[in-house]
Amino acid sequence: MSAEQTGETARRRVLIAEDEALIRLDLAEMLAEEGYEVVGEAGDGETAVRLTREHKPDLVILDVKMPIMDGIAAAEQIAGDRLAPVVILTAFSQRDLVERAQAAGAMAYLVKPFQKSDLVPAIEIALSRFAELAALEAEVASLGERLDSRKAIDRAKGQLMTRYGMSEPDAFRWIQRAAMDHRLTMRQVADRIVAEGGTGSPEGAEA
C-alpha cells in the first residue's frame, strides 16, 4: 500500500452499530489496526441514525439485528438521506436479508464471523459504490434513468474487470475518466464498452 493510500485510509471516519458489545469491540479494533478512525458506536439502529447525523462519518457499519430499530430500517434512513455509505453485518443464517439490505440502500455486506481481511474490501466497495451513486446523481436527474445508467455501468465494469483484471473501483474510475476526456456521459461510455465487448485500451481511456 502506498503512503498516499495509507493517508487516504487514515482519514476515513467510521461509525459502528452492533448490539453485541464484544463484536463491536472486535470491529473497532480491526478498524483501528487498518488505520480507520471510529467516530461513534451504537447498540441500536435509532442511535446509529442519530450519531450518523451528528458525526457525519465517511461510512456506517450496521448489524442487521438490533433493538429499537433494526439495521435495515436504519440503512433506509441513512442511505435515503445520502448521509453515508452503509455496510451491513449479517450472520450466515440471515443471507436472505442481504437483498432487503441492498434494497434499503446498503452498498456492501459482511457475513459473520468475518476476518479483518474481509473488512477492508467491503468498506472500499461501499465507498466506491457510494461515490458512483453521487456521480450518477450529478449526471442524471431522473431516478429511472439513473437506475438504467447504473445497470449499464455495472455491465461495463464487469467487462473491464474480466478483460483487464481491474478492481471494481478502478473500472468505475476508468469509465468516469473516459467520459470526462471525451465529453460523454458515463452511460454513453458504458454502452460503448458493452457494444465493443470490452475492447480498447484502458491505459488510453479510449471510449
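Predicted model: local features only at pLDDT ≥ 70, side-chain atom pairs only at ≥ 80, totals over all residues.

Me: Great. In what order do the strands of the open sheet run?

Reply: The order is β2-β1-β3-β4-β5, with 5 strands in parallel pairing. β2 and β5 (residues 108-112) are the edge strands; each has a single partner, so one side of each has no neighbour in the sheet. On average, neighbouring strands are turned by 20° against each other, ignoring direction.

Me: And how many bridges join β1 to β2?

Reply: There are 5 bridges between those two parallel strands.

Me: Which strands does α4 lie across?

Reply: α4 lies across β3 and β4, and its direction makes an angle of about 160° with β3. Helix α6 (residues 116-139) lies across β3, β4 and β5, with an angle of about 160° to β5.

Me: Switching topic: which residue does UniProt mark with a modified residue feature?

Reply: That is Asp63, where the UniProt record, an unreviewed entry, places "modified residue: 4-aspartylphosphate". In the model, Asp63 is part of strand β3.

Me: Is Asp63 buried or exposed?

Reply: Asp63 counts as buried, because its relative accessibility is 2% and the cut-off for buried is under 20%.

Me: So what is Asp63 in contact with, apart from its sequence neighbours?

Reply: Leaving out residues within four places in sequence, the contacts of Asp63 are Ala17, Glu18, Asp19, Gly71, Leu89 and Lys112. With Lys112 there is a side-chain to side-chain polar contact at 3.0 Å. Lys112 sits in strand β5 and is buried too, at 15% relative accessible area.

Me: Nice. Now α3: which of its residues are buried?

Reply: Gly45, Thr47, Ala48, Val49, Leu51 and Thr52 are the buried residues of α3. Among the elements covering them are β1 (13-17), β2 (37-42), β3 (59-63) and α4.

Me: What caps the N-terminal end of α3?

Reply: Asp44 does: one of its side-chain oxygens lies 3.0 Å from the backbone nitrogen of Glu46. Just after α3, Lys56 has a positive phi of about 50°.

Me: On to charges. How many salt bridges does the count come to?

Reply: The count is 13 salt bridges.

Me: Which residue does Arg53 meet in a salt bridge?

Reply: Arg53 meets Asp81, with an N to O distance of 2.8 Å between the side chains. The two are 28 residues apart and link distant parts of the chain: Arg53 is in helix α3 (residues 45-55), while Asp81 is in the loop between α4 (71-80) and β4 (86-91).

Me: Where do those two fall between buried and exposed?

Reply: Both are partly exposed: Asp81 has a relative accessible area of 45%, and Arg53 is at 37%.

Me: What about Asp154, which residue does it form a salt bridge with?

Reply: Asp154 forms one with Lys157, and their closest N and O atoms are 3.2 Å apart. Both are in helix α7 (residues 143-164), 3 residues apart, about one turn of the helix. Asp154 is partly exposed at 37%, whereas Lys157 is buried at 3%.

Me: Last one: which residues are linked with Asp154 and Lys157 in a network of salt bridges?

Reply: Arg129, Glu132 and Glu168 are linked with them in that network.

Technical notes. Residues numbered from 1 in each chain as written. Heavy atoms only, no water. Salt bridge = Lys/Arg side-chain N within 4 Å of Asp/Glu carboxyl O. Helix = DSSP H or I, 4+ residues; strand = E, 2+ residues; numbered from the N terminus. Buried < 20%, exposed > 50% of the residue type's maximum accessible area, 1.4 Å probe, protein only. Contact = heavy atoms within 4.5 Å. Polar contact = N/O pair within 3.5 Å; in protein donor to acceptor, adjacent residues only side chain to side chain. Pairing = 2+ DSSP bridges. Axes fitted to C-alpha atoms, helices over the stretch in contact; angles between N-to-C directions. UniProt positions renumbered as here; feature names shortened; annotations may be inferred.
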